[in-house]
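Reader: I am new to this structure and would like to learn how to read its features one at a time. Please give the general idea first and then the case at hand.

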Amino acid sequence: NDDVFTLYRSEVSIKNLVIWKQMNASVFQLGYGYDGVRQNISISHVDILRDETCAQVMARGIVSMAASKGNSFKNFRIENMTVQGDILNLLALDNLNVDTPWSAQKKDVKLGEIDLLLKNVTVTGTEKGQWWGKQFEDRKGQPMRSRLRTEKEGRITVNFEHVSLNGKTLKSEDDFPNGLEKCGNVKLVFEP
């Protein structure tokens with residue numbers, strides 16, 4: 001009922017798993033207020049049977065990051081993953097200088113870079129759910145969508161290779177069923 005995997009270390013390999021995601025948090029949590037460089041994380045051959053989460057508060061989704069406070073992820077790969085049915089968000093990456101309850105209260109944080117590859121990823125449903133909480137008060141009633149947000153010198157790069165959502169291959173950001181939110185230095189690369 002919380003994060004399935006909290007990825008706060010380098011040289012991590014996760015493979016050959018079946019996951020049933022319950023109500024809270026994310027499947028792969030990239031940070032919740034802990035700074036540092038994480039490298040060489042590999043996730044492969046994962047079948048997510050269900051995502052029961054129905055309200056987005058900050059750090060919920062299949063792959064999420066909240067208030068990174070300087071986290072950096074390099075050579076982070078997710079390959080051969082299937083998600084059955086509807087999800088809250090595929091991506092909910094907030095590379096922001098925002099405190100969380102567990103973050104070190106730092107000032108003048110230098111935001112890091114996020115380099116993510118999604119390859120052979122299939123979501124059979126679409127993004128659904130509700131926005132909830134102070135951070136998303138202005139979004140109530142809007143459709144749920146993936147988001148990639150950074151600020152200052154932070155950077156997010158996502159490579160999509162053979163990724164489909166609700167039966168449609170993602171060949172551009174316009175292919176996300178409810179749109180894709182981007183803010184700051186975000187780069188998307190789409191391969192056939």
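Reader: Is cysteine 54 buried, partly exposed or exposed, and what is its relative accessibility?
Author: Buried means under 20% relative accessible area, exposed means over 50%, and partly exposed lies in between (1.4 Å probe, protein chains only). Cysteine 54 counts as partly exposed because its relative accessibility is 43%. Cysteine 183 also counts as partly exposed, at 40%. The model is predicted: local features need pLDDT of at least 70, side-chain atom pairs count only at pLDDT 80 or more, and totals for chains, interfaces and linings use all residues. Residues are numbered from 1 along each chain as its sequence is written, and side-chain values use heavy atoms, with hydrogens and water left out.

Reader: How many disulfides are there?
Author: A disulfide is a pair of cysteine sulfur atoms within 2.5 Å. By this rule the count is 0.

Reader: Which residues have the most contacts inside the largest nonpolar core?
Author: In soluble globular proteins, nonpolar side chains tend to be buried together. A nonpolar core is a set of buried Ala, Val, Leu, Ile, Met, Phe, Trp, Tyr and Cys residues joined through side-chain atoms within 4.5 Å. The largest one here has 38 residues, and Val63, Ile78 and Leu118 have the most contacts inside it. Contact means heavy atoms within 4.5 Å.

Reader: Where is lysine 21, and is it buried or exposed?
Author: Strands (E, at least two residues) are DSSP runs, numbered from the N terminus. Lysine 21 is in strand β2 and is buried, with a relative accessible area of 1%. Among the residues that lysine 21 touches, not counting those up to four places away in sequence, are Asp2, Val4, Arg50, Asp51 and Glu52. Its C-alpha atom is separated by 11 Å from that of arginine 60, which is 39 residues away along the chain.

Reader: What is the phi of glutamate 11?
Author: Glutamate 11 has a phi near 55 degrees, a positive value in a residue other than glycine. Glutamate 11 lies in the loop between β1 (5-6) and β2, and is exposed at 58% relative accessible area. Histidine 162 is not a glycine either and has a positive phi of about 55 degrees; histidine 162 is found in strand β12 (residues 155-165).

Reader: How many salt bridges does the structure hold?
Author: Side chains of opposite charge can pair when their charged atoms come close. A salt bridge is a side-chain nitrogen of Lys or Arg within 4 Å of a carboxyl oxygen of Asp or Glu. The structure holds 12 of them. In one, arginine 155 pairs with glutamate 113, with the closest N and O atoms 2.6 Å apart. Arginine 155 lies in strand β12 and glutamate 113 in strand β9 (residues 113-123), so the pair ties together parts that are 42 residues apart in sequence.

Reader: Which residue forms a salt bridge with glutamate 181?
Author: The partner is arginine 149, with the closest N and O atoms 3.9 Å apart. This pair links distant parts of the chain, as glutamate 181 is in strand β14 (residues 180-183) and arginine 149 in strand β11 (residues 146-150), 32 residues apart. Both glutamate 181 and arginine 149 are buried. They belong to a network of salt bridges that links Asp94, Arg139, Arg145, Arg147, Arg149 and Glu181.

Key
Helix = DSSP H or I, 4+ residues; strand = E, 2+ residues; numbered from the N terminus.
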